[in-house]
Amino acid sequence: MHPGLELPILLGVLLLWGPLGSRGQNDTEPIILEGKCLVVCDSTPSSEPAGNALGMSVRSGSGRVAFSASRQTNHEPTDMSNRTMIIYFDNILVNVGAHFDQESSVFLAPRRGVYSFNFHVVKAYNRQTIQVSLMVNGWPMISAFAGDQDVTREAATNAGLVIMEKGDKAYLRLERGNLMGGWKYSTFSGFLVFPL
């Protein structure tokens, strides 16, 4: 190679490397430099509660929402204190944000967003069918049933994503049958996936 061409070729490579090498920053991927990982700030921060001059978004702990509850006793329809057939859960496993009310077994959405729910409800007797629905503001969103007549302990289980507005209520309703809750067989859980 001609000695006078080395510098222009090197400059050309650096110019090409500059835009390609900085692509990781725009995609907010970590950059490895001499064995150290650098934190990359988002140049377009979201509208989360607080931010700073560096363009980093800071999420407050109050934005975290998750609950999980279980049923420790059998749940006959006659045990329910009202005619709504709400399934009550008497053992709280997780209640981050305190948006699940143990007394009513109703989850109250603190903000508009996409929420994930799942439930696992065990029937108590054979020769019977149970049907359970996840209710949001009184409307069934997803349902599950267990109806094998020869099985004593069978679970109705389902999961799904639901868009909820601030103040919406979610709970489980027993549409049909009797539940088994002893030894924590029946559970109800949910969490905020992301706000909208």
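**A chat about His 99 and its surroundings**

User: Which residues does His 99 touch, if I skip the ones up to four places away in sequence?
Analyst: In this model, which is a predicted one, His 99 touches Val 65, Val 106, Phe 107, Leu 108 and Pro 110, once residues up to four places away in sequence are not counted.

User: And where does His 99 lie?
Analyst: His 99 lies in the loop between strand S6, which covers 91-96, and strand S7, which covers 100-101. The backbone oxygen of Gly 97 is 3.2 Å from a polar atom of the His 99 side chain. The C-alpha atom of His 99 is also separated by 8.1 Å from that of Ala 66, although these two residues are 33 residues apart along the chain.

User: Why does His 99 count as partly exposed?
Analyst: His 99 counts as partly exposed because its relative accessibility is 21%, and the partly exposed class begins where buried, meaning under 20%, stops.

User: You mentioned Ala 66, so what about strand S5, residues 66-71: why is it described as largely enclosed?
Analyst: Strand S5 is largely enclosed by the rest of the structure because 5 of its 6 residues are buried.

User: How do S5 and S6 pair?
Analyst: S5 and S6 pair in the antiparallel sense, over 5 bridges, and one example is Ala 69, whose bridge partner in S6 is Ile 92.

User: How many bridges join S5 to S15?
Analyst: There are 6 bridges joining S5 to S15, and these strands run antiparallel; in this pairing Arg 71 stands opposite Ser 186 of S15.

User: Switching to the surface, which residues form the nonpolar patch?
Analyst: The nonpolar patch on the surface is formed by Leu 161, Ile 163, Phe 191, Val 193, Phe 194 and Leu 196, which together have about 580 Å² of accessible area. Strands S12 (155-164) and S15 (186-195) each supply at least two of the patch residues, and S15 gives the most, with 3 residues.

User: Is Leu 161 buried or exposed?
Analyst: Leu 161, whose place is in strand S12, counts as exposed because its relative accessibility is 61%, and exposed means over 50%.

User: Last topic: what is Ser 133 in contact with, leaving aside neighbours within four places in sequence?
Analyst: Ser 133, which lies in strand S10, is in contact with Pro 140, Ile 142, Ser 143, Tyr 171, Leu 172, Arg 173 and Glu 175, leaving aside those neighbours. With Glu 175, Ser 133 also has a polar contact of 2.9 Å between the two side chains, and Ser 133 is buried, with a relative accessible area of 1%.

Methods:
Residues are numbered from 1 along each chain as its sequence is written. This is a predicted model: local features need pLDDT of at least 70, side-chain atom pairs count only at pLDDT 80 or more; totals for chains, interfaces and linings use all residues. Side-chain values use heavy atoms; hydrogens and water are left out. Patches are made of residues with over 30% relative accessible area and no salt bridge: like charges are joined within 9 Å, nonpolar side chains (Val, Leu, Ile, Met, Phe, Trp, Tyr) within 5 Å. Accessible areas come from the Shrake-Rupley method with a 1.4 Å probe; for residues, only the protein chains shown count as cover. A salt bridge is a side-chain nitrogen of Lys or Arg within 4 Å of a carboxyl oxygen of Asp or Glu. Helices (H or I, at least four residues) and strands (E, at least two) are DSSP runs, numbered from the N terminus. Buried means under 20% relative accessible area, exposed over 50%, partly exposed in between (1.4 Å probe, protein chains only). Contact means heavy atoms within 4.5 Å. A polar contact is a pair of N or O atoms within 3.5 Å; within protein, one must be able to donate a hydrogen and the other to accept it, and residues adjacent in sequence count only if both atoms are side-chain atoms. Two strands pair if DSSP finds at least two bridges between them.
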